[in-house]
Amino acid sequence: PDRDVPALEGRGLVKHFGGVRALDGVDIAVQAGTVHGVIGPNGSGKSTLVSCLTRFYRADEGEVLIFGEPAPAASWAVPGAGVTRVFQVPHLFERQSVLDNVLTGIRTPYSWVSAVLRLPSCLRAEREARAFATELLAFAGLAARASFPADSLSHGQKRLLEVVRAVATRPRVLILDEPATGLVPGEIDALARLCAALRERGLAVVLIEHNVEFVMKVCDEVTVIETGRVIARGAPAQVRADPAVLAAYLGR
Ligand code: ADP
Ligand code: MG
């Protein structure tokens with residue numbers, strides 16, 4: 001495949017809610033092996049953009065391409081295509097251990113049957129799954145908590161665990177909607193390390209964020225939207241100096 005075909009692309013996306021034009025012709029292209037930030041003031045259309053890209057909502061106009069192919073319709077996550085979204089509110093198995101929460105993302109529906117039958121290939125798969133889960137937990141600064149129940153974690157740690165669990169499903173595109181919200185500085189550093197590790201693994205990461213400093217530090221490219229339109233895009237330093245961006249953030 002062409003190296004320059006974006007992992008995820010939206011072209012001319014338009015979405016109305018009644019009289020509100022939440023997206024007004026948005027173009028975005030996210031390359032594999034990059035972290036792509038989407039920033040913009042509250043209500044600018046960031047979450048709506050994610051919902052259209054993942055087909056949680058059907059856009060009124062425009063198209064969504066995954067590695068150059070039209071995205072399957074009517075699906076909020078597109079598992080076959082490897083697009084996974086992490087929502088703003090964590091949905092964890094609170095009583096299960098931190099490690100088991102991650103393993104639920106890795107295991108196939110049949111793996112418990114295999115485990116009972118103790119098939120050698122399945123035991124190997126289980127060992128590999130645990131090793132992968134443990135590695136991801138380490139990036140997120142959660143290795144020491146692996147055997148504790150998920151409900152013993154802080155709010156920020158739960159959000160990190162949600163991200164790790166999504167990564168464990170081995171998506172090719174991961175979309176994070178405001179993952180830094182409610183995280184303390186140490187947890188934000190862990191999130192930055194996790195994003196860097198995902199980039200190294202060749203994932204396309206879309207980072208919708210409120211925390212502009214975090215986006216500027218972590219992202220390779222940034223798209224800025226305001227009232228449903230792209231007002232700037234480019235490398236963080238370039239976007240940061242853009243007069244339209246300064247006006248959007250400071251002129252209100
Ligand atoms: P952001 O994530 O940037 O804060 P949203 O995408 O949530 O912005 O919202 C963009 C605009 O669309 C806002 O004016 C919001 O009120 C409106 N909106 C979003 N979702 C809905 C919905 N489900 N129904 C009606 N209006 C919506
Ligand atoms: Mg939002």
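The dialogue below takes up the labels one by one.

Tutor: A word on the source comes before the labels: this is a predicted model, in which local features need pLDDT of at least 70 and side-chain atom pairs count only at pLDDT 80 or more, while totals for chains, interfaces and linings use all residues. Residues are numbered from 1 along each chain as its sequence is written, and chains are lettered from A and ligands numbered from 1 in the order in which they are written.

Student: Why is Leu174 called buried?

Tutor: A residue is buried if 20 or more other C-beta atoms lie within 10 Å of its own, exposed if 12 or fewer, and partly exposed in between, with C-beta atoms placed from the backbone. Leu174 has 25 C-beta neighbours inside 10 Å, and therefore counts as buried. Its place is in strand E7, where helices (H or I, at least four residues) and strands (E, at least two) are DSSP runs numbered from the N terminus.

Student: Which residues does Leu174 touch, leaving out those up to four places away in sequence?

Tutor: Contact requires that the C-beta atoms of two residues, placed from the backbone, lie within 7 Å. On that criterion Leu174 touches Thr84, Ala166, Val167, Leu198, Leu203 and Val205, not counting residues up to four places away in sequence.

Student: What makes strand E3 (residues 34-39) largely enclosed?

Tutor: Of the 6 residues of E3, 5 are buried, so the strand is largely enclosed by the rest of the structure. Helix H1 (46-53) is likewise mostly covered, since 7 of its 8 residues are buried, including Lys46, Thr48 and Leu53.

Student: How do you know that E3 pairs with strand E8 (residues 204-208)?

Tutor: Two strands pair if DSSP finds at least two bridges between them. E3 and E8 have 5 bridges, in the parallel sense, and Gly37 is bridged to Leu207 in E8. E3 is also joined to strand E9 (residues 221-226) by 4 bridges, again running parallel, with Val222 as the partner of Gly37 in E9.

Student: Which strands stand at the edges of the sheet of 6 strands, and why?

Tutor: The sheet is open, with the order E6-E7-E8-E3-E9-E10 and mixed pairing. Strand E6 (83-86) and strand E10 (229-234) each have a single partner strand, so one side of each is left without a neighbour in the sheet, and these two stand at the edges. E6 runs parallel to strand E7 (residues 173-177), to which 4 bridges join it, and Thr84 has Leu174 as its bridge partner in E7.

Student: Why are helix H5 (residues 155-168) and helix H6 (residues 185-200) called roughly parallel?

Tutor: Axes are lines fitted to C-alpha atoms, for helices over the stretch in contact, and angles run from 0 to 180 degrees between N-to-C directions. Angles under 35 degrees count as roughly parallel, over 145 as roughly antiparallel, 65 to 115 as roughly perpendicular and the rest as oblique. The axes of H5 and H6 come within 10 Å and cross at roughly 10°, which means that H5 is roughly parallel to H6. Among the residues that meet are Leu160 and Val163 in H5 and Leu191 and Leu194 in H6.

Student: How do the residues of that contact divide by class?

Tutor: Ala, Val, Leu, Ile, Met, Phe, Trp, Tyr, Cys and Pro count as nonpolar, Asp, Glu, Lys and Arg as charged, and the others, Gly among them, as polar. The residues of the contact of H5 with H6 divide into 7 nonpolar, 2 polar and 1 charged.

Student: What makes a residue part of the shell around ligand 1, and which element gives the most?

Tutor: A residue is near a molecule or strand if its C-beta atom, placed from the backbone, lies within 6 Å of it. The residues around ligand 1 include Phe17, Asn42, Gly45 and Lys46. H1 gives the most to this shell, with 3 residues, and by class the shell has 3 nonpolar, 7 polar and 1 charged residues.

Student: Which strands does H1 lie across?

Tutor: H1 lies across E1, E2 and strand E4 (61-66), running at about 120° to E1. Strand E1 (residues 8-17) and E2 pair in the antiparallel sense over 8 bridges, and Glu9 is bridged to Ala29 in E2.
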